[in-house]
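Here are my notes for someone opening this structure for the first time. Please keep the sequence and the 3D view side by side while reading.

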Amino acid sequence: MKIVETIQEVRNQVKEWRKQGISVGLVPTMGYLHEGHKSLIDRAVAENDKVVVSVFVNPMQFGPKEDLASYPRDLERDAAICGEAGTALVFHPQPEEMYHKGFSSFVDMDTLTGGLCGKTRPIHFRGVCTVVSKLFHIVMPDKAYFGQKDAQQLAVIRHMVDDLDFGIEIVGCPIIREEDGLAKSSRNTYLNKEEREAALVLNQSLTEGKALMDAGETDAGKIRQAIVEKLESEPLAKIDYVEVVDWNTLEPVENAEGPVLVAIAAYIGKTRLIDNFIWE
Ligand code: AMP
C-alpha cells in the first residue's frame, strides 16, 4: 500500500491502473478510522480491483466555532487499518495541497442542505460538496462509498453526482454501532465516561421511535414527540434537532408513509452527535 500526499501522485497511479483496465473504488474519510470506516473500505475492496482511501480533515466543512483544531488525527493507525483491509492507496493531502492560494471555486446546493445538520452548520455542505467534487476529479473512481451514519451527506452527494453528471456510482453503507448501540464516530473519543453512558440515549430514542412505527404509527408529530421526550429524559443531552423527513427530498413530512429518514442531532456535553434510521 502506498501513502501519498500530492494530487499528482494520485493521478499518476490511477492513470497506470486505468491503462490496465482496472476498476477503482474511493472511500473519502477524515481519518481516525474505526469499524464504521472499515466497513466502507471492506465493501470497496470486495467490489473494486483497487481502493483509494482519502484521509483529509477538510477545513472547509468546519464552522468557525467547530472542532477543526481538536479533531482527532492518527495517520499511522489509519494506515495500518487501511493496509490490513487491502487498500491500495491512501491519499493524505495537506490543506494547502487541496486549497491553493487564491482558491475561490465552490460546489453549492440549493436543495437538501438547508435543513437537518445544515441549520446549525450553514457552510458545512458547501465544504463537503466542494471537497468531494475535488476528490472525484482527482481519483475519478468507478464507485464511491459513503455511510448512512451521515444520511444527509449521503443524500446530498447522490444528488450532486446526479446534477453534475459525475458518472460515479454512490454506494450507501449501513451504520456500524458499538455493542451497546452507540453509532461509531471519531467524535465519540471526546466523551468522558459519564457522557459516553449518556450518549446511549440517541440510539435509545430512535429505537423508541422505530417501535412506534413498527406498531403502525404514521403521525410524524407523534413519532417526533416520543423521540424528543426520550432525549429530554437524559440530563446531559441537549437536542439540536429531531426530524422526520422524506428520504428523497429531506423535506419534513406529516405522514411517515413513504421512505422516510428519522434523524437526530444532540449535544452530549460539548460533543455534537448524530444518528438516524431510514424507514422504508
Ligand atoms: P468521516 O471520517 O466521519 O468523515 O466519515 C467518513 C465516512 O465514513 C462517511 O461516509 C461516514 O458516513 C462513514 N461513517 C462514519 N461513521 C460510520 C458508521 N458508524 N457506520 C457507517 N459509516 C460510517
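1. A word on the model. This is a predicted model. Please read every value below as computed from that prediction.

2. Helix α3, the buried side. Start with α3, which spans residues 75-85. Its buried residues are Asp-78, Ala-79, Ile-81, Cys-82 and Ala-85. Viewed down the axis of α3, they fall within an arc of 165°, so they line one face of the helix.

3. Then follow the chain out of the helix.

4. Cysteines. How many disulfides does the structure hold? The count is zero. Two cysteines show the reasoning, given that a disulfide needs two cysteine sulfur atoms within 2.5 Å. For Cys-129, the closest cysteine sulfur belongs to Cys-117, and it is 13 Å away, too far for a bond. For Cys-173, the closest cysteine sulfur is in Cys-82, at 15 Å, which is again too far for a bond. Both residues are buried: the relative accessible area is 0% for Cys-129 and 3% for Cys-173. Cys-82 is also one of the buried residues of α3.

5. Leu-40. This residue belongs to helix α2. Is Leu-40 buried or exposed? It counts as buried, because its relative accessibility is 9%. Setting aside neighbours within four places in sequence, Leu-40 is in contact with Val-27, Tyr-145, Phe-146, Gly-147 and Cys-173. Take Gly-147 from that list. It lies 107 residues from Leu-40 along the chain, yet the two C-alpha atoms are separated by 7.2 Å. Note Cys-173 as well, the buried cysteine of point 5.

6. Gly-21. Look in the loop between α1 (7-19) and β2 (24-29). Gly-21 is there, and it counts as exposed because its relative accessibility is 60%. Asp-49 is 28 residues away along the chain. The C-alpha atoms of Gly-21 and Asp-49 are separated by 9.5 Å.

7. Please check two residues here. Tyr-32 has a phi near 50°, a positive value in a residue other than glycine. It lies in the loop between β2 and α2. At 22% relative accessibility, Tyr-32 counts as partly exposed. Asp-165 also has a positive phi, near 50°, and is likewise not a glycine. Its loop runs between α7 (151-163) and β6 (169-173). Asp-165 counts as exposed, with a relative accessibility of 64%.

Conventions: Residues numbered from 1 in each chain as written. Predicted model: local features only at pLDDT ≥ 70, side-chain atom pairs only at ≥ 80, totals over all residues. Heavy atoms only, no water. Buried < 20%, exposed > 50% of the residue type's maximum accessible area, 1.4 Å probe, protein only. Helix = DSSP H or I, 4+ residues; strand = E, 2+ residues; numbered from the N terminus. Arc of directions from axis to C-beta. Contact = heavy atoms within 4.5 Å.
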